[in-house]
Structures are given as C-alpha cells and as structure tokens.
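Dear colleague,

I am writing to hand over the structure we discussed. Please find it below, followed by a short account of what was found in it.

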Amino acid sequence: MRKRLTEIVCCPNCKQELILKHEKTQGEEIVEGKLECMSCHHAYEIFEGVPRIILDLKKRKEIANRYGFEWAKRVEDSFESDTLYGKSEEEELDYFFSSFGIQPSDLNGKSVLDAGCGCGRLTRMLGPYCNEVVGMDIAASINSVYDHCKCQNNIHILQADILKLPFRTNYFDFVWSSGVISYTGSSDEAFQSLSSLVKPHGKLFVRVFSNSNLTAAERLKKIFWFSHKVPKEALFYLCYLLAIPWSITKYLFDKRHKSLKTNAFHLFDTLAHPFTRHSEEEVKSWFKREGFSVIMSRDEGGVSVSGIKE
Ligand SMILES: C[S@@+](CC[C@H](N)C(=O)[O-])C[C@H]1O[C@@H](n2cnc3c(N)ncnc32)[C@H](O)[C@@H]1O
Ligand SMILES: [Zn+2]
C-alpha cells in the first residue's frame, strides 16, 4: 500500500478519516501496519502490503475463501489463463471502453474503481491510461493481485466488502463492477453503495446475472442447486470431469473450441458460489432511482448497464 491511499479511503463503519499507524515500509510501500479511525476507533490491518478495510470478514468468509481458491488455481495455470471469461486482454479493454462509450484518452487524469477486481487483470491494464486506479475485492487471493500490480505506482489494491465500501462519497470518475454484486445477497444495496462513490457527471457500470438469458452452465446450476455447498477441492475435480463431455458437446454442436481448462473454469465459476439474478428493467430502475441516466444496456447471458450521474 502507498500513503496516497489514505486520501482515498475512509472508515467503512462511520465514513470518517483513517490514520496510518505503526507501519513497516519497504521503499514507498507500506507492508505492515494499521489504519485507525479517529472517530469510531475501529482499526484495520495492513499485511503483506494490502490494507484489509473490512468490518466483519467472518460474514464473507465463504465467498472470500472459495474465490480465493479459484483465482489461486488460475494463477498456478490450472484454470483458463490465456483468456478470462472467454475474453483476451484486448477484448476486455474494448469491452470496458465501449460499455462506457469512451476512448482511452477520456481516462487521462481520471480515477477509476474496479469493484470486485477478481484476479486484477483489468485493474492492471487500466493503470497506464488513468491518473489513479483502485482495485478492491473480498477474495483471499487479493495478495496476488497486489503482487501483479505493485510495479505501477498509480494502482492501489485493497481487500474490502462491496456492501461496506471504504471510500469517500463522490470520489471516482468511473466505477466498474462486472459480475460482482450478484454474489452479495443484496444486489440493490451493493448497487446503492457503488453509486454513491461516483462523482457528478461520472459513470457507473454494473453487470449482473440475467434472469432470462441463462447460459448452459447456469441451467446446470439450476439442477445442481446445492453445488456451492460441495467442498471446493472436490468441486474442482468434478468440474474437470464434467468439462470433458462438456467440451466435446460444445465442439460438436456449437463448433466452438475452448480448452478443457477454460470450460472447467467456467463450470467452477458458475457452480461454486450462490448468486441472484436480475432483469435488465430492474437494473435500469436502480440507475434511475440513484439519479443516473442510462447510457447503454444489454442482456446477453448477463445484464450489463452503464449510466452517467446527473
Ligand atoms: C465473477 S468474479 C468477477 C471478477 C472481475 N470483476 C472480472 O470480471 O473478471 C466475482 C468477484 O466478486 C468478488 N466478490 C464477491 N462478493 C464480494 C463482496 N461482497 N465484496 C467484494 N468483492 C466481492 C469475488 O471475490 C470475485 O473476485
Ligand atoms: Zn469509523
């Protein structure tokens, strides 16, 4: 963590300033220490270079561990690795720019939040375009995102909960959250908390699971509705077993060739965690309620909507 982050974050409990204490540094990096709230006196630990600005990690332990396991498998090359959710790096960047309706140069001097940054691929790619990028996620694998990004000193990484965000109101020019709020059990509340971080005239993007256009893996999850209760190690092997007939069927019927690793990742990602679904109309109504005009919306196996704050 770099000192500059203290000007961006605040206490998730009372939204007051956090003061840095007892730090151990390595060059400009604060590798250990505490962030303490002067108002409610909550203290948040910094370890292995990452601030953990979470009120109650126990509540989110399951998702933090299961996603931590999933991203660690990707880092060790046991899951989809050349692409991510079927997209190459260029495709993911294009998707970011087209969803906001902007050009790369529009990010000059701007601050971006990648809320639920996963393995941090997009966070790292955005670094060269922006003034500042913040990547946050609840997953236990956040350390590897930090290692992946720390060579760019305008990128900040932290572990936090999207339902109790530790950022100043109206701070960011762009807030991006792809495939995250559906896992919170309170998507509407998570949306509200994200929308409060966007500056007036700033932009917000969210993607959630669709309740109409189900992917084949999501249909499978409807049958194995209890799959998120299966121990993660067993589910990992089970997904590899399922990925064999899955890959053959996809190849024969769709003529789409995806590697076994990619299909196993896709199955695990869908089966390992519980999530909620929403319609395009519902998500658009959240934007309108929070004072945003909708720029773009689509439902293509997921509902994606972006808006501009009035
Ligand atoms: C489907 S992945 C998407 C990752 C990334 N946005 C992408 O598109 O590659 C969902 C991510 O949401 C994170 N997540 C789930 N619940 C969260 C919460 N309450 N707070 C922060 N992150 C959360 C998970 O840890 C996981 O990394
Ligand atoms: Zn506080």
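**Strand β6 and its partners**

The bridge partner of Ala115 in strand β6 is Met136. Please note that this is a predicted model. Strands β5 and β6 run parallel and are joined by five bridges. Between them the chain passes through α3, and this β-α-β crossover from β5 to β6 is right-handed.

Strand β7, residues 155-159, runs parallel to β6, and five bridges join the two. Together with helix α4 (residues 142-149), β6 and β7 make a right-handed β-α-β unit.

**Cys119**

Cys119 is found in the loop that lies between β5 (111-115) and α3 (121-126). Is this cysteine buried or exposed? With 24 other C-beta atoms within 10 Å, where 20 or more are required, Cys119 counts as buried. Setting aside neighbours within four places in sequence, Cys119 is in contact with Trp71, Arg74, Leu84 and Val145. Tyr146 is 27 residues from Cys119 along the chain, and the C-alpha atoms of these two residues are separated by 9.6 Å.

**The nonpolar cores**

The largest nonpolar core holds 69 residues, of which Val175 and Leu197 touch the most other members. Strand β9 (residues 198-210) provides the largest share of this core, namely six residues. A second, separate core has twelve residues, including Phe79, Ala264, Phe268 and Ala272.

Which residues does Leu197 touch, not counting those up to four places away in sequence? They are Leu113, Leu165, Phe167, Thr169, Tyr171, Phe172 and Val175.

With kind regards

Terms used: Residues numbered from 1 in each chain as written. Chains lettered and ligands numbered in written order. Predicted model: local features only at pLDDT ≥ 70, side-chain atom pairs only at ≥ 80, totals over all residues. Helix = DSSP H or I, 4+ residues; strand = E, 2+ residues; numbered from the N terminus. Contact = placed C-beta atoms within 7 Å. Core = buried A, V, L, I, M, F, W, Y, C linked by C-beta atoms within 7 Å. Pairing = 2+ DSSP bridges. Right-handed = clockwise from strand over helix to strand, strands pointing away.
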